[in-house]
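Take a look at the chain below, and keep the viewer open while you read.

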Amino acid sequence: YITAPILVQNEAGTNFQIDTVDPGTVTVKYSDPTELEKLLEKIFRFYQSSVELTFTSTDETSGVDYFAWKYIREDDASSSNVASDEDWNKAAAEWDEDTKQYTATITLSASEAAQYRGHIVVHAVDKAENKSAETEDTGNVFVVDSISPKVTISYSTDGELVSTNAYKGNINVQIHVKEMNFYEEDVQVSVTKDGTEIQVPKVKWNKDTKNTDTYIGTFTITGDGNYIVSVKYVNDSDKSGNPAEFIDGEESYPSYTSKEMVIDTTPPVVDITYNQEAVEGKEDKQTVTFTITERNFNPANIKITGSRTIANGENILESAEIETLLKNTEIQEWEKKDDTYSYTCDFADGNNSYFEGNYNLTLEYTDIIALKATATEEFTIDHTKLTMQVDYSDSAQTVGGVAYYKNVTAQNPVQVTLNVVEANFEAGDMVIAVTKDGTAYTLNDDAITWTTDANNGANHTGVISLT
C-alpha cells in the first residue's frame with residue numbers, strides 16, 4: 001500500500017498525485033474576549049456580540065480543502081442557548097503564504113434568539129478527502145451573550161410584617177436573577193446593621209423550576225436592628241459585559257440599595273418618676289420625668305394624658321394646661337442615652353406659681369411594630385397650708401372660760417363645727433382628739449360628718465355631735 005504522496009503520469013502523459021496522508025491536526029484560535037476565567041481546569045471566554053474562531057492546519061500534498069466543524073453546547077448550559085449542531089458545517093480553507101498553513105475563520109454572533117455557551121469540534125479535509133483527527137476543544141468554553149441580566153429583590157418574614165419596612169421577626173431576602181448564562185459569583189451582596197457593614201449570611205442559589213433561566217438566591221437576616229441591603233453585579237455587568245438591570249416597579253437601575261428595614265421584637269419600656277422630696281415638703285418645685293426605652297424611638301408615637309383633681313374629685317386640669325405642662329415632646333428635647341430617652345418637666349405656669357392638685361399621669365408609647373407599653377403615676381402638689389376655724393354651738397352660760405350646756409340629748413347635742421380650707425382635703429388625714437372628764441373619749445363613727453362647699457371645693461365643714 002502507498003503511505004506517501006506519489007507523482008505519476010498516466011497514458012496520456014498527464015501528471016497527477018496520489019494523496020493518502022491526512023492533514024495535520026487542527027488548532028483553534030479565539031478572538032479576544034470581554035473576560036477570561038479559568039474554572040475547573042477549563043478556560044471560559046466571554047463575548048458580548050460575537051466570537052471569531054480561526055482554524056489552522058497543514059497538508060503538503062493536495063492541500064486542505066475545507067474545515068468541518070460543529071458547535072457543542074455545554075451539558076450544564078441553559079437550554080435557551082443554541083443547541084448543539086447535528087450536522088457538520090463547512091468553512092473553506094485558504095492558503096496563508098506567510099505561515100505556510102491553511103486557515104479558515106468563522107463568526108458566531110449573538111442575538112435575542114441565539115446565545116452560545118459551548119465548545120467547538122473541528123477537523124480538516126484535504127482535496128483528496130483525507131480527514132485529520134478531530135480536535136474537540138473541551139478545555140476552551142466560549143460564551144456569547146448579548147442579553148442583560150435582570151434582577152428583582154423581594155422580602156418575606158417568618159414573623160409579622162407590621163408595616164412596609166418593619167418586621168416582627170427574621171427578614172428573608174430573595175434575589176431573583178433572569179440570566180441565560182448565570183454565574184452566582186457575579187452577584188455581590190452587602191448588608192449594614194445600624195449603619196455598620198456586617199458579614200452577609202451565605203447566599204444559597206437555586207434554579208427556579210417555574211421560570212426559565214431564572215435563579216433565586218436566598219439568605220436570612222436575624223436579630224433586632226436597622227438593616228440596609230445592597231446588591232450589585234461585579235463591574236455592574238455580567239461576564240460578557242452586558243449591564244445589569246435591577247428592576248423596581250417600572251424603573252430599572254444599575255444596582256440596588258434597599259430602604260432601611262427594621263427588625264424589632266423587643267417591646268418598649270416606659271416609666272414615670274417624680275420628685276419624692278417635693279411630695280414630702282422638702283422641696284417646693286415638683287418635677288416629673290418621662291422615660292422611654294426603645295431603639296427605634298419616634299416622638300410621634302408618644303401619648304401623654306393626665307388629670308388634676310381636688311379633694312372632691314372635680315377635674316380642674318384643662319387640656320390647654322396639660323399641653324403647657326408637657327409641651328416639649330420633640331425628639332431634640334428628649335435626652336438620649338443608648339436606647340433610653342427621657343424628658344423632665346416642671347409643673348409651673350409662666351408666673352412660676354405651681355399647679356396644685358392630685359395628679360394622675362399616663363405615658364403610652366407604641367413602637368414601630370405596634371408593641372405598646374403604658375405607665376401610670378399619681379402624686380399631689382400642695383403648697384398651701386391648711387387653715388381651720390373651730391366654732392361651738394351656743395351654750396347656756398360660760399363661767400371662767402368654760403361653756404356649760406344643759407338638756408343635752410341625742411336629739412339636742414352639743415355641736416363642734418370645724419371649718420377647714422384645703423384644696424387637697426382628705427377627712428382621713430384629720431386627727432381629732434376629745435377628752436371627757438379629763439379622759440380620752442372615743443368618738444363614734446357617726447359622731448362627725450363632713451360636707452364640702454358646692455361652690456368652692458377647698459372649703460370643708462365637719463360637725464362633731466357630743467351627747
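V390 is partly exposed, with a relative accessible area of 35%; buried would mean under 20%, exposed over 50%, and partly exposed is what falls in between (1.4 Å probe, protein chains only). Keep in mind that this is a predicted model, where local features need pLDDT of at least 70, side-chain atom pairs count only at pLDDT 80 or more, and totals for chains, interfaces and linings use all residues. Residues are numbered from 1 along each chain as its sequence is written, and side-chain values use heavy atoms, with hydrogens and water left out.

**Around V390**
- You'll find V390 in strand β34, which covers residues 387-392; strands (E, at least two residues) and helices (H or I, at least four) are DSSP runs numbered from the N terminus.
- Together with L386, M388 and Y392, V390 makes a nonpolar surface patch of about 390 Å².
- Patch members need over 30% relative accessible area and no salt bridge, and nonpolar side chains (Val, Leu, Ile, Met, Phe, Trp, Tyr) are joined within 5 Å, like charges within 9 Å.
- A salt bridge here is a side-chain nitrogen of Lys or Arg within 4 Å of a carboxyl oxygen of Asp or Glu.

**A three-stranded sheet**
- Three strands line up as β29-β32-β33 in an open sheet with antiparallel pairing; two strands pair if DSSP finds at least two bridges between them.
- β29 (302-309) and β33 (372-381) are the edge strands, since each pairs on one side only.
- β32 (residues 357-366) and β33 share 10 bridges in the antiparallel sense, and N360 stands opposite E378 in β33.

**A hairpin**
- β4 (residues 35-39) and β5 (residues 42-47) pair in the antiparallel sense over five bridges, with E35 standing opposite F46 in β5.
- Two residues sit between the strands of this hairpin, and L40 takes a positive phi near 50°.

**A glycine in a loop**
- G223 lies in the loop between β21 (214-221) and β22 (225-233), and G223 is partly exposed at a relative accessible area of 32%.
- Setting aside neighbours within four places in sequence, G223 is in contact with N170 and I263; contact means heavy atoms within 4.5 Å.
- G223 and I263 are 40 residues apart in sequence, yet 6.7 Å apart in space, C-alpha to C-alpha.

**The whole chain**
- The protein chain has two helices and 41 strands.
- Of its 467 residues, 38% are buried.
- Among contacts with a separation of 6 or more, 65% come from residues 24 or more positions apart.

Terms used. Accessible areas come from the Shrake-Rupley method with a 1.4 Å probe; for residues, only the protein chains shown count as cover.
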